Amino acid sequence: MANLATFFFLCLSLLMSSYFQAFHAMAHEWSGGRSTRFYDFKVQTLSVTKLCNTKEIVTINKMFPGPVVYAQEDDRIIVKVTNETPYNATIHWHGVRQKLSCWFDGPSYITQCPIQAGQTFTYEFTLVKQKGTFFWHAHVSWLRATVYGAIVVYPKTGVPYPFKNPYEEHIVILGEYWLRDVVQLERQVLASGGAAPPADAFTINGHPGPNYNCSGNDVYKIDVVPGKTYLLRLINAGLNMENFFAIANHKITIVEVDAEYTKPFTTDRVMLGPGQTINVLVTADQPVRKYSMAMGPYMSAQNVAFQNISAIAYFQYIGAVLNSLSLPAKLPSFNDNLAVKTVMDGLRSLNPVNVPKEIDTSLFVTVGLNVNKCRSKTPQQNCRGMNNGTFASSMNNISFVNPTISVLEAYYKKIGGQFTEDFPGAPLQFYDFVNGAPNNAPNNTQAINGTRTKVLEFGSRVQLIFQDTGTVTTENHPIHLHGYSFYVVGYGTGNFNPQTANFNLVDPPYMNTIGVPVGGWAAIRFVADNPGVWFMHCHLDIHQSWGLGAVLIVENGEGELETLPHPPADLPQC
């Protein structure tokens with residue numbers, strides 16, 4: 001059925017493409033994909049009953065998870081988004097590199113103002129030399145808790161996968177579910193100065209599974225044929241948690257990470273941070289019965305409350321006894337850092353790649369949490385962080401603050417007062433970031449607020465070293481860079497030391513979201529060949545809300561194919 005559905009969507013998209021190609025004949029030479037696919041997204045509320053409670057959630061087209069965007073490599077995508085809710089909305093196309101289409105990237109106050117209630121904005125972009133598993137999600141407030149869906153981009157017609165064709169493909173989206181209104185929840189957490197509460201449940205394709213109250217029948221299931229091999233497109237759309245995933249008694253083979261092929265790597269489990277996608281192959285080679293697919297927590301920080309009940313789905317063999325108990329999946333313990341490292345160690349690009357060997361711009365960026373001094377006259381309500389301070393988060397000890405219009409619009413129209421171009425290329429102070437960080441909160445753990453950007457010359461070869469800090473607690477941070485994929489050339493524990501760091505410059509994985517190891521560092525490289533304003537941030541939304549982000553501005557190069565186009569006519573206004 002999965003293959004049939006895929007075929008149907010491809011045929012439908014092809015039928016619609018001829019109409020839209022005429023309209024877009026003026027696109028850049030390379031933008032003329034094989035076809036153009038149109039989607040109509042309506043931001044709408046939906047009443048759902050989960051965990052013994054009924055509530056309204058924000059969705060696209062009243063679907064949870066939202067509709068799948070199907071395409072082929074080099075296709076052009078047009079998505080008309082109409083906001084029928086009272087909330088501000090934007091959509092980010094996570095992992096899509098947005099070549100010369102920065103205006104349609106989606107992060108609120110970075111590349112656009114939000115789409116306000118009753119407004120419409122049409123996103124248009126081309127999947128230039130991109131294929132694989134991506135996803136889309138809201139990029140304003142914490143709306144992406146329920147506003148998300150998969151993007152599946154197939155290779156060009158006649159181009160095979162670099163592995164044997166699976167019998168079926170299935171999308172598996174990991175998520176988190178709150179009983180409270182997530183927009184209000186973000187406001188309340190930020191106003192309190194304290195930590196965010198854990199989710200009420202983990203979900204697999206929107207279903208919590210039988211471990212949760214009132215959820216015995218709220219379970220996702222894949223029916224499998226014994227002996228057949230399946231491709232699972234795993235996506236972590238969770239808000240504030242990283243997660244382990246495993247299937248009871250089955251090995252899984254990683255063949256793609258962040259929409260780029262990898263050398264096949266077989267493991268018992270994987271860990272996905274929010275924003276990461278992994279394609280795995282699994283063969284139904286075990287005795288006929290019902291097996292659990294489990295999603296559990298990976299929490300590398302100290303003294304943080306988290307949801308520790310696993311979400312369960314079923315990997316059920318055809319012929320298994322109905323209503324039988326499922327064989328439980330074995331997940332690593334919640335703080336098993338070695339399990340995370342073991343999988344990361346196995347990731348290699350499928351073929352040797354062209355990694356920048358010489359570097360024009362090198363940045364050293366600390367990532368971590370801060371505690372600011374209480375400035376409130378009602379500290380019991382507003383200063384619930386460590387030692388009666390307020391929690392914050394930062395890169396190079398600067399907490400990012402949204403401007404009042406988008407950074408991109410201010411940059412393009414040369415509107416002053418919205419941002420500065422002085423994000424430091426290194427922290428103002430060097431010390432033992434992991435073990436000797438200042439921790440006399442809140443006296444020496446404060447961050448500076450600012451809307452700071454780093455300007456990169458077009459074509460420059462960039463290296464970024466991300467360094468975790470222990471100011472509040474060391475933690476694995478999933479750092480996402482918009483507009484680019486990057487080579488993960490190295491990572492390790494402790495403080496980065498250029499004398500001892502080992503780099504892979506032959507076949508490193510090509511990713512868009514990298515988990516900076518707990519108490520460690522990660523090094524990435526890319527060529528700044530896509531002009532625009534690109535957000536770089538932690539994909540744990542509480543950390544992003546606290547300021548763990550910065551903006552890279554890539555200047556125009558020469559000629560039309562290296563220059564950011566004009567803004568679209570329907571760009572939302574703040």
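Trainee: What makes the largest nonpolar core a core, and which residues have the most contacts inside it?

Mentor: The largest nonpolar core has 141 residues. Trp93, Met395, Phe466, Ile479, Ile514 and Phe526 have the most contacts inside it. A nonpolar core is a set of buried Ala, Val, Leu, Ile, Met, Phe, Trp, Tyr and Cys residues joined through side-chain atoms within 4.5 Å. Buried means under 20% relative accessible area, exposed over 50%, partly exposed in between, with a 1.4 Å probe and protein chains only. Apart from this core lies another, of 15 residues, including Val189 and Phe391.

Note that this is a predicted model: local features need pLDDT of at least 70, side-chain atom pairs count only at pLDDT 80 or more, and totals for chains, interfaces and linings use all residues. Residues are numbered from 1 along each chain as its sequence is written, and side-chain values use heavy atoms, with hydrogens and water left out.

Trainee: Why is the pair Phe104 and Phe121 called stacked?

Mentor: Rings of Phe, Tyr and Trp (its six-membered ring) pair if their centres lie within 6.5 Å; planes under 30 degrees apart count as stacked, over 60 as edge-to-face and the rest as tilted. The centres of Phe104 and Phe121 are 5.9 Å apart and the planes are at 20°, so the pair is stacked.

Trainee: What makes Phe364 and Phe496 a tilted pair?

Mentor: Their ring centres are 6.4 Å apart and their planes at 45°, so the pair is tilted.

Trainee: How do you know whether Phe496 is buried or exposed?

Mentor: Phe496 has 19% relative accessibility, so Phe496 counts as buried. Phe364 is buried too, at a relative accessible area of 12%. For Phe121 the value is 0%, again buried.

Trainee: Why is one side of β2 and of β6 left without a neighbour in the sheet?

Mentor: Four strands form an open sheet in the order β2-β1-β4-β6. Strands are DSSP runs (E, at least two residues), numbered from the N terminus. Two strands pair if DSSP finds at least two bridges between them. β2 (53-60) and β6 (120-126) stand at the edges, each with a single partner strand, so one side of each lacks a neighbour.

Trainee: How do you know that β1 and β4 pair?

Mentor: Strand β1 (residues 36-50) and strand β4 (residues 76-83) share eight bridges, in the parallel sense.

Trainee: What makes Lys290 a charge over the ring of Tyr314?

Mentor: The test asks for NZ of Lys or CZ of Arg within 6 Å of the ring centre and within 35 degrees of the ring normal. The charged end of Lys290 sits over the ring of Tyr314, 4.2 Å from its centre.
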